[in-house]
Amino acid sequence: MNSIFTYIFLGISMAAPIGPVKSILLNTGIKNGFFHAWFFSLGALTTDIMYMFIVYFGVGQFIDSPLMRIILWSFGCFVLLYTGIENLLSLHKIEMNLKFGKRVRLRKSILSGFFMSLLNPLTILFWLGIYGSILANTAGVSTGYQIFINSIAILVGIILVDFIMSFLSSGARKLLSTKLLKIVSLISSIIMIGFGIYFGMQAFQALF
């Protein structure tokens with residue numbers, strides 16, 4: 001039980017930092033409410049599970065190849081720059097969305113979370129580094145069943161953080177004024193663009 005709680009806490013600590021995916025999750029909750037943010041997080045969680053399987057079955061070395069790094073950095077740069085700039089250009093629409101409740105399909109939110117996390121190089125490097133290290137440390141010690149339980153515990157920690165962030169962002173949508181909502185959205189957009197530029201620099205440096 002102590003081991004399980006340790007891995008749940010590890011999942012919480014892994015999911016808590018505000019990166020590009022979490023910035024978009026918060027922005028989604030502020031604009032469209034709890035369920036859209038929650039479904040966005042479920043889409044991102046699907047990618048997490050997929051990468052866990054990839055690392056577990058030893059395909060991580062292929063993803064970590066120089067060519068794949070360049071491709072992933074480039075895709076991440078494009079997606080984040082596009083999303084960040086699009087959010088900046090749509091800041092004036094936040095008030096209209098709040099008043100008239102612009103309808104957005106939940107399917108779009110879950111697909112957005114999936115592809116945003118899938119094309120985020122930090123997600124891949126994150127799982128290769130953290131989860132790869134866990135597998136390396138437990139190799140020859142833990143059984144397949146124990147590794148499965150520990151992996152589930154990590155995912156539980158991530159789900160808890162995503163649920164709290166989705167709840168808080170939807171609450172902020174109701175409590176904050178339109179001006180503050182625009183400021184929060186502006187900050188999250190700048191964070192996305194910042195990460196996009198960083199990913200672009202990494203892709204450029206990897207070419208030379």
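The side chains of Asp-162 and Lys-22 meet in a salt bridge with an N to O distance of 3.1 Å, where a salt bridge means a side-chain nitrogen of Lys or Arg within 4 Å of a carboxyl oxygen of Asp or Glu. Side chains of opposite charge can pair when their charged atoms come close. A search of the whole structure finds one salt bridge. Because Asp-162 lies in helix 9 and Lys-22 in helix 2, the pair ties together parts that are 140 residues apart in sequence. Both Asp-162 and Lys-22 are buried, a word that stands for under 20% relative accessible area, while exposed stands for over 50% and partly exposed for values in between (1.4 Å probe, protein chains only).

This is a predicted model, in which local features need pLDDT of at least 70 and side-chain atom pairs count only at pLDDT 80 or more, whereas totals for chains, interfaces and linings use all residues. Residues are numbered from 1 along each chain as its sequence is written, and side-chain values use heavy atoms, with hydrogens and water left out.

The protein has ten helices and zero strands; helices (H or I, at least four residues) and strands (E, at least two) are DSSP runs, numbered from the N terminus. Of the 208 residues of the protein, 43% count as buried. If a contact is taken as heavy atoms within 4.5 Å, then among contacts between residues at least 6 apart in sequence, 88% join residues at least 24 apart.

| helix 2 | 20-32 |
| helix 8 | 121-138 |
| helix 9 | 144-175 |

Phe-9 lies in helix 1 (residues 2-15), and because its relative accessibility is 57%, Phe-9 counts as exposed. The C-alpha atoms of Phe-9 and Val-156 are separated by 9.1 Å, although these residues are 147 apart along the chain.
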